[in-house]
Structures are given as structure tokens and as C-alpha cells.
Amino acid sequence: MPTITIDGEKYQVDGDQNLLSSCLTLGLNIPYFCWHPEMGSVGACRQCAMIEYKDSEDQSGRLIMSCMTPIRDGGIYSVNAEMAKEFRGGIIEDLMTNHPHDCPVCEEGGECHLQDMTEMSGHTMRRYRGSKRTHRNQYLGPFINHEMNRCITCYRCVRFYNEYAGGNDLQALGRNHQIYFGRQEEGRLENGFSGNLVEVCPTGVFTDKTFSAHFVRKWDLQTAPSICEHCAVGCNTAPGARESSNNLDPILRRITNLYHHDINGYFLCDRGRFGYEYVNSATRIDKVLSVRDEDLIGSTADNKDILHKEINPQDAVLNLSVQITAAQRQLRRIIGIGSPRSSLENNFALRQLVGADHFYSGLNYLDQEVLQLVNSLQSDDRILSPSTPEIETSDAVLIIGEDIYNTAPRIALAVRQAARNRQKQAAQSLKIPLWQDASVRQLEEEHSPIIFIGTALSNLDDIADATLFESPQKTALFTHALAQEISGYKAPNLKMPPHLQEMVKRTAAILLKAGKPLIISGTSGKHPGTLQAVAELSRALSDDKKTPTKLYLACSEANSLGLTQLFNGTEGNLQQLVQTLTDQRSANIPTSLIILENDLYRRLDKHSVEKLFSLVDEVILLDTLLTPTAKRANCIFPASATAESQGTFVNNNGLAQRFYAVYEGKGFIQESWRWLVDAVDFCTETCENLSVLKEWKHSTDISDAIAREFRVLRVLDELGPDENFRIDGLRIARQSSRYSGRTAIHAQEHVSETPPINDPDAPMSFSMEGIHNPNKTQLQANIWSPGWNSNQSIFKFQEQVGGERKGGPSGKMIERPRHPIPDWTNTLEKSPQPPNSMQMLPIYRLFGSEELSNQSMAISELIEAPFVLINPKEMTQHGVNEGELVDIETSSGIYRTEIRRCNTTPEGCIGVPYGLPGLETLAALMPGYATLRPAATHSIAGVEN
Amino acid sequence: MIASQIRSMWLVFKHLFRRNVTVQYPEEKPYLAPRYRGRIILSRDPNGDERCVACNLCAVACPPDCISLQKTEDPDGRWRPEYFRINFSRCIMCGLCEDACPTYAIQLTPDFEMCEYDRQNMVYEKEDLLIDGPGKYHDYSFYQVAGKAIAGKDKGEADNEAEPINIKSLNL
Ligand code: SF4
Ligand code: SF4
Ligand code: SF4
Ligand code: SF4
Ligand code: FES
């Protein structure tokens with residue numbers, strides 16, 4: 001390790017870093033703008049000036065830009081030399097000459113890197129009296145505000161948006177002192193990572209529009225570490241909440257990135273950042289609802305829909321407990337349906353209540369089958385699930401049947417970085433340090449190979465050097481052939497056209513040549529054959545390389561893999577439930593169905609759901625949103641959303657991560673498991689199962705119980721401290737030490753302050769009392785350090801800039817027993833296609849496919865109207881034209897949608913957007929068959945029965 | 001010792017012939033300078049618009065945390081407090097809010113007569129705080145200085161601002 005001297009002190013530093021990041025790692029404060037820990041240096045802003053001395057004799061030294069200076073062993077530098085300070089003061093004064101002076105009305109104010117750096121550089125008084133250059137702003141869509149006058153021309157925004165995230169609709173326009181960062185024409189920023197501009201831009205040019213609609217300053221936000229619930233990548237977030245204006249209830253106000261070295265690093269996707277608003281949406285359930293008996297004249301509701309009225313929570317809980325008691329006496333049967341979007345704790349509590357035999361997964365057969373496949377693949381020692389940095393350093397990527405930009409967005413961003421590895425290798429051979437971003441990017445190397453085979457690919461097409469659009473069956477066949485090519489075994493029976501054979505050979509050669517190949521696949525194709533072929537391929541590659549193959553498998557929902565651990569194989573799937581109930585219909589025992597945070601219409605075809613409801617007497621739902629299933633429930637309990645509760649999710653890697661309540665949900669909202677425990681508390685008769693529930697007072701009680709019951713989930717009791725943990729006798733404060741308005745915010749109701757609510761689940765306070773320093777505990781999600789008010793202060797809490805959080809990585813890998821994957825080589829199925837039908841292939845949308853974020857106001861603006869994709873050839877065959885309405889006839893009804901041309905949709909298939917509002921109920925039918933015909937009359941898109 | 005006591009008695013005796021400094025409050029009211037720190041008001045700018053832009057700086061400066069407000073944005077582009085509340089039963093009249101305010105909206109006044117039998121009556125809302133004039137600062141208008149465009153004041157029209165750049169021109 002090189003040793004350097006800074007202002008007379010000797011330090012040992014990492015020689016691969018530049019001087020600026022080394023100094024920041026040492027804890028020194030040096031102002032900077034254009035350098036970014038993830039994006040490296042370009043030397044554009046000149047704010048990070050330091051002095052370098054030739055030797056100890058040198059008295060004056062020379063000015064250097066620390067972000068552009070490699071570490072020299074024995075180098076002597078100064079941050080505090082007068083010349084450096086003066087230079088930095090001059091730079092900030094120049095940068096501020098055109099500043100519009102609108103901090104009070106700027107959303108960035110209070111967490112503005114420009115404010116921090118201005119202060120740090122000592123520029124406290126404005127001398128410039130000349131005229132200021134001004135710009136007009138642009139409309140950039142529902143997510144981002146634009147206030148161009150605040151720009152200091154650091155170029156971070158375009159470097160992130162274009163170079164890092166692959167966008168192409170944000171440019172540096174104009175020239176000299178009039179540079180403008182915006183779009184050629186007004187309009188929505190199209191890249192799905194645009195939200196990161198809010199944190200990347202060191203000023204208030206790009207701010208969060210959804211936050212602005214219910215704005216408070218950073219210091220007024222109550223926060224706790226959370227996990228994004230909008231896909232299974234498991235990005236760490238820091239949601240912020242504060243009491244709303246008209247009543248005492250807090251509302252969720254925004255999401256910001258919470259650095260996790262192995263998952264999200266510095267960036268989130270837009271679904272994760274802006275999807276939070278579902279929590280405050282009109283469809284949110286915050287009361288206990290039950291069937292309304294009186295007939296409403298002229299009601300427009302569907303005749304099967306149940307009309308609800310608010311009831312007293314105690315009555316509802318009592319009613320549930322009566323049913324539970326009846327079940328104890330064998331007079332009633334209670335069935336529980338779990339959910340992949342709810343925490344392990346909630347699922348386990350329901351399982352405990354109804355008994356393992358009566359607990360169902362809430363997934364259909366196929367979804368559960370593919371999840372179990374993922375699980376068994378990841379349990380093989382020859383397969384390794386890579387972290388984000390590992391993905392970023394792969395030198396060849398093969399993506400099989402997964403449109404990751406829409407199903408695991410953050411991973412697509414990582415793959416984009418992997419594409420640059422050839423360039424980076426070239427840089428290294430030329431001895432250009434990797435942080436020299438502009439120089440590295442100038443090297444005209446080809447992309448590292450990225451190969452795609454599957455149904456649809458979004459956002460990555462510009463870096464993919466081979467793409468093959470095929471149906472899942474053909475994708476599996478291709479993968480299978482590839483595995484055989486790699487293992488050197490030639491099956492005589494694989495019939496493939498020559499161009500595919502050629503591509504198989506080429507891909508195999510690429511994978512074999514690569515030092516760090518990566519395969520990506522997932523469950524979104526709903527095709528077990530593909531996953532089996534992927535298994536075969538990974539195994540073949542691992543045998544050849546003698547190291548585990550890196551295989552990233554994307555699952556669909558935040559806790560998909562967690563839920564999978566509670567079931568054996570496909571046991572407990574929903575079809576099985578319908579079958580069991582049908583078989584036992586004659587038993588004539590009343591049945592209650594408790595559904596946990598699950599919309600069954602997205603899981604099963606409509607007829608099966610109707611059948612299920614007709615087979616039970618009482619439907620009890622615990623959920624956050626008023627879903628179609630809620631409209632059929634006799635009783636609805638309002639459940640906490642992720643940011644309102646504590647629990648555990650298991651992400652795509654098998655990493656169990658705990659999220660903490662940021663605030664208490666409004667009204668009667670509480671965690672689903674608490675409703676169940678409340679009901680059991682009222683029961684007059686108990687058995688062993690139920691008395692366990694009675695004992696549960698804290699979320700961690702359940703985590704511990706899960707750890708005891710399931711060996712694979714043993715790590716759950718080590719995920720974090722329990723509610724009794726204290727640091728220096730104190731809890732961890734959710735509110736910053738400058739939280740304002742404590743004695744006024746509730747004063748209109750009652751002038752005397754009420755004590756803060758106690759958190760029964762976590763060692764954290766709902767007040768400003770307690771530990772604030774994120775270096776003392778990772779439970780502190782308010783990333784702030786004196787003089788560093790913006791999120792950039794994260795470096796103060798890392799081992800080194802861009803490294804692990806101090807205190808080690810959070811989350812723990814679940815411990816799945818190691819099993820070699822079975823030999824699936826001969827299971828390539830050939831299912832018959834009904835005549836004249838088309839196969840419905842699920843295609844995914846960043847905005848529109850995920851259930852919860854669809855209810856977010858900003859995201860719902862971007863969701864497309866129902867449509868299906870078809871290739872031009874089929875279009876002619878069916879006699880339909882682009883934009884026309886067609887009827888999709890399926891086993892659960894006719895869907896009228898717009899038709900769109902798509903050259904890459906495989907023949908004989910239509911691409912159906914998964915979960916898109918209006919087509920949600922098609923999700924369960926895919927990848928089944930449908931017939932397509934032009935709509936008889938032109939009417940609006942929608943569903944018919 | 002004795003000398004000091006005699007001196008004290010002499011001083012007390014001398015005061016018998018001095019003018020009274022106690023005034024007969026409330027019949028008689030002493031002069032309080034405009035900068036006196038009493039009851040807080042919210043003022044308006046010279047055009048009669050609410051000055052407060054809901055920046056939250058007063059609230060965060062307040063030592064007993066007795067100011068609370070919520071930002072909202074009007075169609076004219078101005079930020080305004082949706083509600084603005086001061087709990088005077090907590091206020092210590094330190095004036096830090098006035099110091100922190102970048103718009104001269106919040107000002108302390110020489111009125112200190114705020115007795116109530118019921119503490120709840122000490123909670124003032126925006127309607128109670130907002131006065132009709134500019135208070136101590138007659139000419140200041142925040143939006144005239146700051147670059148954010150609002151209805152009636154476009155980009156380039158604030159103090160010292162040049163015409164907005166046309167990014168589609170050659171910009172030589
Ligand atoms: S960008 Fe920063 S310095 Fe500029 S107005 Fe906003 S808060 Fe103030
Ligand atoms: S808009 Fe922000 S990120 Fe972009 S150049 Fe200006 S200050 Fe830098
Ligand atoms: S990638 Fe997934 S987990 Fe990460 S922010 Fe996006 S939706 Fe959330
Ligand atoms: S500091 Fe002034 S402008 Fe800001 S919220 Fe308080 S009164 Fe309003
Ligand atoms: S940070 Fe070094 S020049 Fe901008």
C-alpha cells in the first residue's frame with residue numbers, strides 16, 4: 001500500500017484509487033462536483049483542487065485536480081494550503097454567478113450538494129453584481145422536475161443518463177457558457193433509471209416531482225431501512241414519511257436509494273423509486289370492511305361484487321375468532337392462502353394459524369413449479385448466484401428468456417456495465433486507471449459479448465451483439481443445444497436450422513473463451529423447460545471451467561423465493577386447493593378462506609377463482625389495496641404496506657433481508673400477522689398451534705419461530721437485533737436530530753404533546769431521541785454527516801469509497817441444502833398447439849406489469865392501454881392492421897385490445913403484456929393459447945365475459 | 001463594614017427623591033421598539049401576496065419546535081404554506097425564525113399581550129398569523145430576487161436576469 005503525506009500527516013492508501021477518493025476514504029473533506037464514486041472522474045468542474053509538492057523541499061507546490069491525480073507512493077499533498085483554498089473559493093464563486101438564488105423554493109435545499117460545497121469552500125457572500133444567464137425549463141414527464149437555472153455544468157446528468165444507463169434523450173445542448181441539459185423536445189425522460197438524476201445531479205436541476213407534491217425537507221423525514229417491494233432484486237431503500245397536514249397520520253413521501261454494495265449500489269430503477277405512491281392511493285384500504293347487507297338501489301357494481309361498509313375492528317376480529325374457535329371444535333374448516341408479495345413473517349403466521357396442511361402458497365401450479373426450479377438450481381454447488389458487482393465484472397453475458405429491464409431492472413443496469421469490460425481490459429493493458437472515465441470510454445473497443453435469446457428484450461438492444469427472438473420452446477431447445485455443444489456431446493435428434501446451429505457454435509465458443517461468463521434467466525417466461533435447459537447449460541459450463549457458473553435467476557415478486565421455502569415442490573398450489581375443496585364438497589363442513597395480501601385473479605383463471613369462492617362460505621382478506629379479490633371478500637382487514645411494517649424478504653440471490661417500519665400506517669392499518677394474533681387472542685379454545693400465536697408480541701418473535709421451524713431459514717434470527725437492543729442505552733432514532741415542528745404539528749388537535757408511539761418490533765424510536773450516527777448501526781437510514789447533507793455523505797459510512805458499508809453487508813444468505821440438480825436432459829416437451837390458435841407469451845413492462853406500483857399516481861400516467869403484440873406476417877394472415885382493435889378469445893373470456901406490430905414476436909405467438917391494467921386476468925392463462933380475430937364493432941378496449 | 005451600610009442607606013434615601021420608573025400598566029403603555037420580540041406575524045409582499053414560501057427554515061430554526069407548516073404549490077407557480085401553525089404556548093420569542101426566514105415573511109412584533117385561560121387558544125393558524133401589510137420590510141419581494149418563474153414574472157424578469165437563452169440558436 002502506498003504511503004502519502006497530506007498536510008503533514010502520513011496515510012496508507014489504496015493505490016488503485018485517485019487522490020480525491022483516497023482523501024474522502026480517509027475522512028478528509030474535499031469539495032467536488034463532477035466526480036462520482038460509481039462513474040469516476042472527468043475533471044470538468046475543477047472544484048477538487050489540491051496542492052502537490054515535488055518533494056519535502058518544495059515550498060510552493062503546484063495545483064492539481066485531486067480527482068484526476070493517481071496516487072504516487074511517497075507523494076506529498078495539501079488540502080489546506082492557502083493557494084488551494086483560494087483556487088477552490090474562486091471556482092465556487094464562478095459557478096455561483098448565474099445561480100438563481102431560489103434555495104427556499106428548491107426541493108434540493110437542505111440536502112443540496114451545491115449548498116454543502118459552497119459552504120465548505122467558504123463562499124458565503126456574493127460579490128458578482130452583473131446579469132445572470134437564464135434558461136427556460138422543460139416538461140420531463142411525471143417523475144422529474146426541471147429547473148435549469150440551478151445548473152453548474154458538471155455533466156454528471158448526461159454522463160449518468162447516456163453513458164451509464166444507456167439513455168439517449170437527454171443531451172448537453174448549446175455551447176460555451178450557455179450549455180443546456182435537457183431534451184431536444186419537451187417530453188418524458190424515457191429511460192427507466194431517470195429517477196437517479198435526482199441524486200446524481202448535485203444541484204436542484206432535476207428533482208423528484210412526486211416528492212414535491214407532498215414536500216418536506218430531508219431533516220423532517222422519518223426514515224428506516226427498507227427493501228423495495230416492486231421486484232425480487234431486493235434493492236435497499238430509505239423511504240421517508242411525515243405526518244400529513246390535515247390529520248395526524250403520517251404519509252409516505254418519497255423513496256431514496258440506500259446503498260447496498262452487493263445489490264443496488266448507488267442506483268434504483270424508476271419503478272422502485274416512484275412506485276411507493278400506491279401506499280397513499282385511492283385504492284388503499286385503511287378501514288376494516290365487511291359486507292353491506294342492505295340492498296343499494298341503482299348500484300352499478302358487478303352483481304357478484306360485494307359492497308362493503310366500514311365496521312368496528314373489534315367486531316371483525318371477534319367474528320374471525322369465532323370462526324377459529326369453531327375450527328378448533330371441528331365445526332369449521334379454515335384455509336389459508338399465502339402470498340409472494342408479503343413477508344415471511346406474515347406468511348408463517350397464517351400457516352401457523354391454519355396449520356401447514358391447510359396453508360396454500362397463493363401461486364398457481366406453473367408459477368410454483370418454476371420457482372421450485374429456480375430454488376433447486378440455486379441449490380447446486382456448480383451454480384453461483386452473482387451479486388451486482390459480480391455481474392458488472394463479467395466478460396460475456398448470455399440472457400435466456402428474461403427481459404430483465406422489465407423484470408429485474410437494476411440487473412439490466414449492471415449488465416450494461418458488464419458490456420464495457422473489454423474496454424476496461426484494454427484500458428488496464430494501457431495502464432489507464434479505470435476511474436479515468438473519459439479516457440477509458442474513448443478506447444474504441446467492442447462491447448463485451450452480450451447475447452440474448454427469448455421472447456422480448458428491452459433497453460439492452462444497443463449493447464446486445466446477437467439477439468434471437470424465439471418462443472419459450474425454441475429458446476429451451478437452443479439452450480439445450482448450447483449445453484450439448486459445450487459438453488461436447490452431440491445429440492443426433494436436435495433438429496435446428498443451420499443459422500441457429502451456427503449461432504449455437506458461436507455462443508458456445510464465446511462462453512468457453514470468456515474468463516467470467518454470466519448466464520441470466522428467470523421465471524417470467526413461465527416455462528419450466530427453459531429453466532431445465534439453463535440448468536443443463538450451467539452444469540456443462542461449470543464442468544468445463546471447473547468453477548461454479550454464475551447464473552442470475554430473476555423471480556417475479558419481492559418474496560417469491562422466501563415463500564418457496566415454505567413448500568415442498570408444487571404442493572400447496574392453488575389448483576390443488578380448488579381440487580381438494582371440490583373433492584371434499586360432500587363433507588358439508590363450512591369453510592372459511594383467509595387470503596393474505598394476494599389478488600387471486602392474477603394467479604388463477606377467472607373460472608377457477610369463481611369456483612374457489614363458490615366452494616367456501618366466508619372469504620377473509622388481509623391486504624393493502626382494494627383489488628378485484630377484495631371485491632369478493634366478506635371481510636377485509638387493512639394490512640400494512642412494506643414501509644409500514646417489519647418483516648423479511650428473500651431476494652433473487654437467496655439473500656434474506658429485513659425491512660423495518662418507517663412509520664405507523666394510518667387508521668386501523670396494522671401488519672397482517674397482528675390481525676391474526678388479535679383474533680387468536682379472543683379465542684376461547686386453544687390448541688398448541690394457536691397458543692404459539694398468542695405468544696407473539698414482536699415481529700422478531702415470528703422471525704425466530706421461522707428460524708426454528710425451517711432449517712433453510714435459520715438465518716432469520718440473525719438478520720438484525722431484536723427490539724431490546726440498545727446502543728449506549730438508546731434506541732436508534734427514526735427522526736433526524738433537526739426534526740421540526742414537534743410541539744406544533746399536532747397542536748391543533750391537542751396543545752399538549754403526546755408521547756411518541758413505542759415500536760414493539762425494532763430497537764428504534766419514532767422520535768428524534770436516540771442514535772443518529774449510521775456508523776454505529778446500519779439501522780440508521782438517514783444518511784447524513786455534518787457538512788454533508790446530501791445522500792453523497794454515504795462515503796462517510798463505507799469502509800472505503802464505493803466499498804462495503806461499515807459494519808459489513810446487511811442481509812444473510814438462506815442456507816439451502818446442497819443438491820446436485822437432477823438430469824433433465826430428456827424432458828423437452830412438445831405440447832400440442834390447438835388448431836388456429838396463437839400462443840400467448842407474457843411480455844413485461846417496467847410500468848404496468850407489477851401490481852402495487854401500478855397504483856402509484858405518477859406511474860399510472862405511463863401505463864399503456866391494453867394491447868397485444870404480433871409480428872407483421874401474422875398480422876396480414878389475420879387481416880388486421882396496426883392500431884386496430886382485436887378480440888382475444890381465451891378460456892376465461894374475450895379481451896378486446898389494440899393490436900401492435902412487433903417484428904420480434906415469434907411466429908404463431910402473440911405478446912401479451914403481463915399484469916397490464918385491463919389484462920390482469922390474462923396473467924394466469926399464460927403461456928396458454930388463444931384465438932385472435934378482428935373486433936366485430938369498434939368499441940373501446942376492455943374485457944368481456 | 002459600617003461605612004458600607006451607611007453608604008447603602010444613603011443610596012436608598014436618595015432614591016426617595018427620584019422620578020418613578022414603574023409605569024401604571026395597563027393604563028399606561030411603555031414604548032417598545034419595532035424590533036421588539038413579541039407575537040409573531042406573517043407578512044405580505046408589496047403586491048399584497050403572501051410572502052411565506054413554505055421553505056421550512058423557520059420551523060427548523062425554532063428551538064422549541066413550535067412552528068409547523070406544509071408546502072403546497074399554487075397554479076401560478078408560487079410555493080405557499082397549505083397550513084402554517086405556531087404553538088405560542090411553546091414559543092420562547094427568541095426570534096430565530098425571523099433570522100432564518102429568507103423572505104421576511106415571518107416577523108416578531110412589539111405585541112406581547114397574549115394571555116389566555118385555555119392553552120389551546122395559544123395555537124395560531126395561518127389565518128391568525130397573516131397580516132395585510134409588509135411589516136417591517138416595505139420593499140422586499142422574494143420572487144423578484146429569485147429565479148423561479150411565477151405567473152407575471154417569467155424567466156429573465158427577476159432582478160439582474162438576462163433574457164432566457166434560445167438553445168436552438170447558434171449562440172455565438
Ligand atoms: S440547487 Fe442547491 S443551491 Fe441551488 S437553489 Fe437548489 S438548494 Fe439552493
Ligand atoms: S443538470 Fe445537474 S448534473 Fe447536469 S450538469 Fe447541471 S448540475 Fe450537473
Ligand atoms: S430493480 Fe427491483 S428492487 Fe430494485 S428498485 Fe427496481 S423494482 Fe425495486
Ligand atoms: S422561513 Fe419564512 S418563508 Fe420559510 S417557511 Fe418560515 S415564514 Fe415561510
Ligand atoms: S471533481 Fe475533480 S474536477 Fe470535478
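These are my notebook entries on a predicted model.

**Ground rules.** I number residues from 1 along each chain as its sequence is written, letter chains from A and number ligands from 1 in the order in which they are written. In this predicted model, local features need pLDDT of at least 70, side-chain atom pairs count only at pLDDT 80 or more, totals for chains, interfaces and linings use all residues, and side-chain values use heavy atoms, with hydrogens and water left out.

Entry 1: I looked up the UniProt record first. Its unreviewed entry puts the feature "binding site" at B:Cys62, B:Cys91, B:Cys94 and B:Cys97. UniProt positions are in the numbering used here, feature names are shortened, and annotations may be inferred rather than shown by experiment.

I then took two of them in turn. B:Cys91 sits in the loop between strand E3 (79-87) and helix H3 (96-100) of chain B. Helices (H or I, at least four residues) and strands (E, at least two) are DSSP runs, numbered from the N terminus. B:Cys91 counts as buried, because its relative accessibility is 17%; buried means under 20% relative accessible area, exposed over 50%, partly exposed in between (1.4 Å probe, protein chains only). Not counting residues up to four places away in sequence, B:Cys91 touches B:Ile40, B:Pro64 and B:Cys66. Contact means heavy atoms within 4.5 Å.

B:Cys97 lies in helix H3 of chain B. B:Cys97 is buried too, at 5% relative accessible area. Its contacts, leaving aside neighbours within four places in sequence, include B:Ile40, B:Cys58 and B:Leu108.

**Entry 2: a leucine in chain A.** I found A:Leu541 in helix H18 (residues 528-545) of chain A. Is A:Leu541 buried or exposed? A:Leu541 is buried, with a relative accessible area of 1%. Beyond its neighbours within four places in sequence, A:Leu541 contacts residues including A:Ile486, A:Leu511, A:Pro517 and A:Thr549.

**Entry 3: a sheet in chain A.** I traced an open sheet of six strands with parallel pairing, in the order E19-E24-E23-E20-E21-E22. Two strands pair if DSSP finds at least two bridges between them. Which strands are at the edges? Strand E19 (383-384) and strand E22 (466-469) are, each pairing on one side only. Strand E20 (residues 396-400) and strand E21 (residues 450-454) run parallel, joined by four bridges. I noted that A:Leu398 has A:Ile451 in E21(A) as its bridge partner.
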